[in-house]
Amino acid sequence: MPSFNSRVFIGVTLFCAVLVLVVTSIWLYTKQHSPLIAVIHTMVGFTLIIVVLWHIIKNITPLKGYLNPIKKYAAKYSVSMPFGVATVTYLVLSPFLSLPPAQQVYLLGQTLKATDKKEQDAELKYVERTVKNDDATGQMITLELKKGPYFMWPQYAFWLETLEGDFVQPLYVTNAIATNNFTNKVTVRDGAQVFDSHLFIGENALGDSVLESGLEPESKDTRMRPESLPVFLHQLGVTATNGYYVPTDSQLEIDGYSGATMMENFIYSIQLPAKLTGKYRVRFEVNHSFDYNTYYSSDRFPDDAIYSGDGFSAQPSVVYQAIIDFDKPNELNQMTLVGRGHHSGRNGELYKDLNNLTTALQLVDRVLVSTKL
């Protein structure tokens, strides 16, 4: 009958585990994060811990001798133990104290990961959409959006304006904004409950457990969301009978520039009605409901009927922009974050204060703009 030798098992397991950890450590150090490799690394690491503890128990007597700083070896005191402890201590403290080689090791790893990221970016999947009217004669504007971790079901709009801030035309508007058609009517189960974190993402996410859906949809006269994209809506300049800056069927048609919300990375191109020259400003405003945080909590503005209503606006919209020059086609411009809108859409001002925003700043990873003849 085969015998089981614990020392052989421990030795072989330690050897194999160390080999796997070396390979996975190098992979995680030099490559972009891989969940599969991370799981392997973690499972083998836990196994190694268990086997090491077993090994310590079986060899506790000699280990006690190794850890004795005054024990003599070959009639001499040994510095091996304190030197080993000092080496590990230095390696642990070096990242906190910016001691070599911590910084050099970190920079090398980031450089290798950056190289790997460039290769991965080429494999990103994008949805492509092109809008070109038969009578359009202007340049093509292309908008490339790579979504961020909190890009779930946002509302957003792209538009073109002069450097002086005069509105020229919309480029793309999500359908709910363009038609004032917010059909997802929900309410809170417990009206007294206060929200101070994102309802659907994160450790404290509550999700549908705090909401009731399936209620009667609002009419177009009552489902207005002026807080959704206030900077864009005020630039659009169309007001409803109650004074809110929202599109209405009787006053404006922007269907040619709208569509269902694109939820994935996308490349959107649209041809302008007529050719333009010189520099213009492309702006992008995006907002997401239910993204509360400790500052923009549900009870932050109790006297504001819009903010405290059933729109769940939470953090205000954020605005990005890029300056493009139609005299320099094919020039690629990255949009930069320039401000936020009013939390309840009271005005169309661009507020520079972003200190209290959190997840709203991670709705998009990047937005690129280019033009061509």
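This is a predicted model: local features need pLDDT of at least 70, side-chain atom pairs count only at pLDDT 80 or more; totals for chains, interfaces and linings use all residues.
Six strands come together in an open sheet, with the order 9-6-5-11-12-14 and mixed pairing. Its edges are strand 9 (258–259) and strand 14, each of which pairs on one side only. As a general point, the strands of a sheet pair through backbone hydrogen bonds, and they may do so in a parallel or an antiparallel way. Strand 5 (residues 155–161) and strand 6 (residues 167–174) give an example of the antiparallel kind, joined by 5 bridges. To find one of these pairings in the structure, look for F158, whose bridge partner in strand 6 is Y172.

From the strands, attention can turn to the loops that link them. D304 sits in the loop between strand 11 (279–287) and strand 12 (318–325). Is this residue buried or exposed? With a relative accessible area of 7%, D304 falls under the 20% cut-off and therefore counts as buried. Its side chain reaches the backbone nitrogen of I306 at 3.0 Å, and it also makes a polar contact with the side chain of R346 at 3.3 Å. Once neighbours within four places in sequence are set aside, the contacts of D304 are H343, S344 and R346. For S344, the separation from D304 is 40 residues along the sequence, while the C-alpha atoms of the two are 7.6 Å apart in space.

The side chain of H342 reaches the backbone nitrogen of R346 at 3.4 Å. H342 itself is found in the loop between strand 14 (336–340) and strand 15 (364–372). Its relative accessible area is 8%, so H342 is buried by the under-20% rule. Leaving out residues up to four places away in sequence, H342 touches P230, P316, N347, E349 and Y351.

L53 is located in helix 2, and its relative accessibility is 49%.

Definitions and conventions. Residues are numbered from 1 along each chain as its sequence is written. Side-chain values use heavy atoms; hydrogens and water are left out. Helices (H or I, at least four residues) and strands (E, at least two) are DSSP runs, numbered from the N terminus. Buried means under 20% relative accessible area, exposed over 50%, partly exposed in between (1.4 Å probe, protein chains only). Contact means heavy atoms within 4.5 Å. A polar contact is a pair of N or O atoms within 3.5 Å; within protein, one must be able to donate a hydrogen and the other to accept it, and residues adjacent in sequence count only if both atoms are side-chain atoms. Two strands pair if DSSP finds at least two bridges between them.
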